[in-house]
Structures are given as structure tokens and as C-alpha cells.
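Subject: Structure handover

Hello,

Here is the structure I promised. Please open it alongside these notes.

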Amino acid sequence: MLFILVGCTNIEDSISEEEAKQLVLNQHMEHIGTPSIVSIEIKDNAYFVQWVNTENKESGTDKVTKDGKVKIMFEARAH
């Protein structure tokens, strides 16, 4: 008996934690200042990367998927 599972690979098989961090940093480098990574965790087969930019007072959490797409889940700006 042969079982074939399609689309069930772990995120670590497609993209590394370091690659996910770099994608998030690149996403937010267009703004004033340089962001830094606060934390990263895997949930629902995606990386959730928390970041902060102390220069422009922005922070947030982005989701990085297996195909390298970055989705802003939460973003805040202090006034």
C-alpha cells in the first residue's frame, strides 16, 4: 500500500527561520528606520514574526508562508 501526501510539508522544509526573518525585515525597510526581530514562532505551518522599529515607533507581527509571502497580521504606530 502506498500513501501519497500532497501539500503537507512542514514550513521548515520550504523556508528557514532566517529566511523568514529576512523577508520581514525587507518588507519594513522601506519605512524610516531599521526594524529588528523581537520573536519568531511557528503556528499553523507558518512563521509568525514579531518586529519593532524604534526609530519610527512602528511594531507588528507578520505571517510568512511556505511560498515566502509576507502578510501583515498586526501593525501599530505610537504617536
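Start with the S3 and S4 hairpin, which has 5 residues between its strands. Gly68 sits in that turn with a positive phi of about 85°. Strands here are DSSP runs of E with at least two residues, and helices are runs of H or I with at least four, numbered from the N terminus. Two strands count as paired if DSSP finds at least two bridges between them.

Some ground rules. This is a predicted model, where local features need pLDDT of at least 70, side-chain atom pairs count only at pLDDT 80 or more, and totals for chains, interfaces and linings use all residues. Residues are numbered from 1 along each chain as its sequence is written, and side-chain values use heavy atoms, with hydrogens and water left out.

**The sheet**

S3 (residues 58–64) runs antiparallel to S4, with 7 bridges joining them. Glu58 stands opposite Arg77 in S4. Val64 stands opposite Val70 in S4.

S2 and S3 also pair in the antiparallel sense, over 7 bridges. They form a hairpin with 4 residues between them. Lys57 in that turn has a positive phi of about 65°. Phe48 has Lys63 in S3 as its bridge partner.

Overall, the sheet is open, with 4 antiparallel strands in the order S1-S2-S3-S4. S1 (36–43) and S4 (70–77) are at the edges with a single partner strand each, so one side of each has no neighbour in the sheet. Neighbouring strands are turned by 15° against each other on average, direction ignored. For such angles, axes are lines fitted to C-alpha atoms (for helices over the stretch in contact), and values run from 0 to 180 degrees between N-to-C directions.

**The helix and the faces**

Helix H2 (residues 17–28) lies across S1, S2 (46–53), S3 and S4. H2 runs at about 130° to S1. Contact means heavy atoms within 4.5 Å.

In a regular strand, side chains alternate between the two faces of the sheet. The covered face of S3 holds Glu58, Gly60, Asp62 and Val64. Ser59, Thr61 and Lys63 are on the uncovered face.

Best wishes

Notes
Buried means under 20% relative accessible area, exposed over 50%, partly exposed in between (1.4 Å probe, protein chains only).
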